[in-house]
Amino acid sequence: MDVVSDAINAIRTGRPHAARTRRKAPWGLRFPAAPGTGFHVVLQGRCWLLSEGSDPVPLGAGDVVLVPHGHEIALADSTDSELVDVAREMDDSWMPSPEPAGIADELTVLMCGSYQLDRAGAHPLLAELPAVIHLPRKVGRSAALNAVVDLLGDELDQRRPGTDAAIPALLDAMLLYILRTWYENHAPRSSGGWAAALADPAVGSALQHMHAEPATPWTVERLSRRAGLSRAAFSRRFTELVGRPPMTYLTWWRMTTAARVLRGGDAPLHSVAERVGYRSEFAFNRAFKREFGVSPGAYRRRNARPSEGHGTGATGSGSGVGTRGPV
């Protein structure tokens, strides 16, 4: 996999939730802080994005808002409108509330939802994201992101055969396209950090190799040759952009990958060790314990969970994706 996909998969848990809501002025919704990542898309009309410490931001049809770290935000038809707290259920989805009656062109239609995340293994690529990401719909924005927003809007508006399978897959794609668009937009303006690291030919290439082949016996020398730089130049550039030396990052990624495997299955420990580049189970155990403070076996017993079916269908019982109606 590529770096962005791996970063998402490392912390994804449970199923994403999404619902369409229609609002007639005056209205205001306050979304409380939450452990996951929230998102909001304006499907029709206009509104304001309100977040603490920032000026109000006008949103138009097609605009996308991502709240990576689950901070509290609000959406309203006016900066002066009263805000009503949106209650959350135990699974972090939002409680339904009645839709207003009114003329269609007077309504603001939103798609709001959340991704459940396990932040214990958060990739620094995601930890670096700002509190709120706003991607206006405009000429030049990712055509793929525009397309997936349109498809999600259609699926939520008219339930058809296959909707329960389509919505979670589209939500997964939307998160990827949001992050890809944000990083591509910021790379030209970034002199450091992950936006610059992903855009840098040498460092980006090394990261792709590490993520695609964690079991390969990589060395700084071997990676620098692949990157077309001297060992010293490569190591210096990688450390500056990524925030840690190449081998330190590689070890961290191997242990993060191992933890994900341990949480999701019952593969023998020697198999997990080999998968992340350790021929010796003893050496793997020692490296894993340095990273997580417990042995791989103890970690598995503490964190094992059944298969969660990412990207699988929702149900009509109210526990699935896109079935709750308005928030």
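**Exercises on aromatic contacts**

In this predicted model, the charged end of Arg-222 lies over the ring of Trp-218, at 5.1 Å from the ring centre.

**Exercise 1.** State how many aromatic pairs the structure holds, and classify the pair of Trp-182 and Tyr-183.

*Solution.* Step 1: there are twelve aromatic pairs in the structure. Step 2: the ring centres of Trp-182 and Tyr-183 are 5.0 Å apart, and the planes meet at 85°. Step 3: planes over 60 degrees apart count as edge-to-face, so the pair of Trp-182 and Tyr-183 is edge-to-face. Step 4: both Trp-182 and Tyr-183 are buried.

**Exercise 2.** Classify the pair of Phe-284 and Phe-288, then locate both residues and determine whether each is buried or exposed.

*Solution.* Step 1: the centres of the Phe-284 and Phe-288 rings are separated by 5.9 Å and the planes by 55°, so this pair is tilted. Step 2: helix H11 (residues 281-292) contains both Phe-284 and Phe-288, which are four residues apart, about one turn of the helix. Step 3: burial requires under 20% relative accessible area; Phe-284, at 0% relative accessibility, is therefore buried. Step 4: Phe-288 has a relative accessible area of 0% and is likewise buried.

How values were computed. Residues are numbered from 1 along each chain as its sequence is written. This is a predicted model: local features need pLDDT of at least 70, side-chain atom pairs count only at pLDDT 80 or more; totals for chains, interfaces and linings use all residues. Side-chain values use heavy atoms; hydrogens and water are left out. Rings of Phe, Tyr and Trp (its six-membered ring) pair if their centres lie within 6.5 Å; planes under 30 degrees apart count as stacked, over 60 as edge-to-face and the rest as tilted. Buried means under 20% relative accessible area, exposed over 50%, partly exposed in between (1.4 Å probe, protein chains only). Helices (H or I, at least four residues) and strands (E, at least two) are DSSP runs, numbered from the N terminus. A charge sits over a ring if NZ of Lys or CZ of Arg is within 6 Å of the ring centre and within 35 degrees of the ring normal.
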